[in-house]
Amino acid sequence: MPDKNFRRTELGGKPLHPATQMTAYGYDPALSEGAVKPPVFLTSTFVFENAEQGAEFFDLASGRIPVPEGMGAGGLVYSRFNHPNTEIVEDRLAICDGSETALLTSSGMAAISAVALTYLRPGDSFVHYTPLYGGTEALFGNVLPQWGVRPVPFTDGTCKDAVLRALEEGAQTGPVKMIYLETPANPTNALIDIRLMREVADEWGTATGQTPLIVCDNTMIGPVFQRPIECGADICVYSLSKYVGGHSDLVAGGITGSAKHLKPVRQARGVFGFHLDPHSSWMLSRSMETLTLRMERAAASGRKVAHWLATNDYIPCRLLHPEYESDPRAQEIYRRQCDGPGSTFAFVVEDDRDLAFRILNGLTLFKLAVSLGGSESLVCHPASTTHSGMSPEARKNAGVTEGLIRLSVGLEHPDDLVRDLEQAFCSARDSSQSRSQVRSS
Ligand SMILES: *Cc1c(COP(=O)(O)O)cnc(C)c1O
């Protein structure tokens with residue numbers, strides 16, 4: 001249906017920008033009384049025109065016959081399989097991500113679980129970068145081994161040999177089916193070279209006959225600043241609860257990739273019941289209209305905040321922000337792979353929980369909470385919260401020290417955020433000075 005405006009992808013022979021497509025793509029007002037915006041379709045099931053159509057839609061939904069061109073994901077059957085509000089967001093997410101197709105799920109963890117349950121079987125191994133998001137670490141480290149699936153971690157995403165060693169270790173017990181990545185890493189902002197992972201996977205496939213699937217969690221700066229599919233990843237997973245939802249008011253997940261790779265994942269979503277509800281889907285369609293605007297503004301504010309932190313006169317800070325990276329290899333990956341820094345980054349003060357807590361407790365605009373990517377700015381202390389489940393040694397190896405503080409910069413005016421940090425730093429420093437005076441007197 002390329003002639004229909006709601007499926008328009010180009011104008012005057014030039015492709016439209018995702019920011020333009022997010023306002024209208026995938027929704028046909030003619031199907032809803034001309035309403036300019038999609039209503040929330042609060043329905044569990046859909047009426048067939050006749051019995052033949054019911055049979056056909058079931059064949060389509062269960063993948064027994066291929067979906068004809070122009071029919072979206074197939075006919076509407078039942079809201080666990082497909083739903084108009086969900087499909088609008090899926091079409092838009094695929095556009096933002098530069099992928100052929102997309103699926104929504106009830107959470108980011110449901111997206112990751114659906115991919116793992118689709119592609120990993122008892123006896124298989126897979127390799128993964130570490131540290132990962134805490135929930136993913138728990139799924140890989142505690143749950144999948146109970147299903148007979150073996151995870152092998154690696155810690156350097158810029159070094160071919162490190163990945164090869166992990167693949168060889170995994171291959172000792174079974175076929176290595178997946179390379180799982182998350183970049184930039186949380187909370188260190190370490191970058192993984194996705195193109196290098198593609199090279200390693202293909203070479204490994206040629207040598208062993210088993211090419212591992214490359215899956216990348218693109219929650220931290222995607223889809224606006226990074227498109228892993230274009231760098232060679234097979235599948236992206238998202239927590240849409242973060243930047244894409246963008247207002248800290250919903251929990252949802254997404255999966256992007258080729259129709260071939262996502263077809264079995266779609267089946268898994270249907271049988272496990274990992275689908276997203278209509279209302280959250282509708283909220284996402286609304287959020288996506290402002291996605292580029294929000295992420296660009298938050299990244300610009302994040303730059304201002306990072307600059308203040310790096311140059312402040314109160315407390316010395318080391319920035320874990322991609323644009324303050326000193327390693328030339330990481331600088332090169334950042335330039336090649338990312339279009340911007342995002343707005344979630346960390347700074348590191350002296351390795352001292354007391355000092356870190358005084359800074360956290362002194363902030364007034366930054367809210368003390370886990371999560372990221374909302375319109376409000378958040379601050380958290382990973383060592384005592386999100387990463388407290390790791391052993392102290394694993395935390396140290398990952399660089400998650402007591403002095404590391406993570407910020408998610410939101411949409412407030414950046415000057416106000418800097419002022420908030422300034423007053424918190426000033427009082428944290430003054431109380432450090434008065435403590436050391438008490439100690440020395
Ligand atoms: C939050 C998050 C997840 C999990 O997403 P939920 O929507 O909370 O299930 C996965 N990966 C990353 C990087 C995250 O930040």
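The legends below describe close-up views of a predicted model. Residues are numbered from 1 along each chain as its sequence is written, and side-chain values use heavy atoms, with hydrogens and water left out. Local features need pLDDT of at least 70 and side-chain atom pairs count only at pLDDT 80 or more, while totals for chains, interfaces and linings use all residues.

**View 1. Residues around the ligand.** The surrounding residues include Ser 107, Gly 108, Met 109, Tyr 133, Glu 182 and Val 251 (a heavy atom within 4 Å of the ligand). Asp 217, Ser 239 and Lys 242 also belong to this group.

View 2. The ligand alone exposes 380 Å², of which the protein buries 92% (Shrake-Rupley method, 1.4 Å probe).

**View 3. Helix 6 and helix 7.** The axes of helix 6 (residues 160-171) and helix 7 (residues 194-208) come within 10 Å and cross at roughly 40° (lines fitted to C-alpha atoms over the stretch in contact, angles from 0 to 180 degrees between N-to-C directions; helices are DSSP runs of H or I, at least four residues, and strands are E runs of at least two, numbered from the N terminus).

**View 4. Cis peptide bond at Pro 131.** The bond from Thr 130 to Pro 131 is cis, with omega near 5°. Pro 131 sits in the loop between strand 4 (125-129) and helix 5 (134-143).
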